[in-house]
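Visitor: Hi, could you walk me through this one? I'd like to start with what holds its parts together.
Guide: Happy to, have a look first.

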Amino acid sequence: MKGRNMTRWRDPAKDPRQEPRSNLITAEGAERLRGILDHLSRVKRPAISAKVGEAAALGDRSENADYTYNKKELNRVIARIRYLTKRLDELQVVDRLPADTEKVYFGAFVTLEDEEGEEMRIRLVGHDETDTTKRWISVDAPLAKALLGKTLDDEVTVAAPGGETTWLITEIAYRDPQG
């Protein structure tokens, strides 16, 4: 059992997992996490517990693949429930628009244009809501940090793996959390 969860050593000063994350989340994101937690607690955990019970009733557990698999799955679900419960307690739900909607803040939909004229629309959301398919980026991401507090027609330069990229803010919009 010793060393089971060992990973390679990382310098804590350079480890990206040690960077502080903001505990902000949109109202929709918090509702989605609560829905996942509810589904895991009320549906998935009881179903897997029943499967574990049925498999255990068959006899010898050491050679029972069904029991072993379902027990591991149950432990994963319990760990996820524990994580979501703790995380939801830590999160601060942002359920109102900022006072100045002319500037980029948390929850903003921002349209950017690069030097070639290519447009990209992103949304600044909490770490738990990031979604690359929707282009929702974490408010802790370098691009998001560079955008915070900027206004329409401001230029933002961000260091990227391919070199520095300059973006022009062409639109800032917010969705009303109440409606």
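Guide: A salt bridge here is a side-chain nitrogen of Lys or Arg within 4 Å of a carboxyl oxygen of Asp or Glu. Keep in mind that this is a predicted model.

Visitor: Okay, how many salt bridges are there between domain 1 and domain 2?
Guide: The count between the two domains is two.

Visitor: And which residue does Arg123 form a salt bridge with?
Guide: That would be Glu28, and the closest N and O atoms of the pair are 3.1 Å apart.

Visitor: How many residues are in contact?
Guide: Twelve residues of domain 1 are in contact with eight of domain 2. About 810 Å² is buried between the two domains, with carbon and sulfur atoms giving 48% of that area.

Visitor: Which residues of domain 1 lose the most area to domain 2?
Guide: Ser22, Leu24 and Thr26, which together account for 49% of what the domain 1 side buries.

Visitor: Switching topic: what lines the largest pocket?
Guide: Leu24 turns up again here, as one of the lining residues, which also include Arg96, Pro98, Tyr105 and Phe106. Strand β2, residues 92-94, gives the most to the lining, with three residues.

Visitor: What's the split by class in that lining?
Guide: Seven residues are nonpolar, one is polar and one is charged.

Visitor: And how much space lies in the largest pocket?
Guide: About 190 Å³.

Technical notes. Residues numbered from 1 in each chain as written. Predicted model: local features only at pLDDT ≥ 70, side-chain atom pairs only at ≥ 80, totals over all residues. Heavy atoms only, no water. 1 Å grid on protein atoms, 1.4 Å probe; cavity = no way out; pocket = protein on both sides within 12 Å on 5 of 7 lines; lining within 4 Å. Points joined across faces, edges and corners; volume = space filled by probe spheres on them. Helix = DSSP H or I, 4+ residues; strand = E, 2+ residues; numbered from the N terminus. Nonpolar A, V, L, I, M, F, W, Y, C, P; charged D, E, K, R; others polar. Contact = heavy atoms within 4.5 Å. Buried area = accessible area lost by both parts, 1.4 Å probe.
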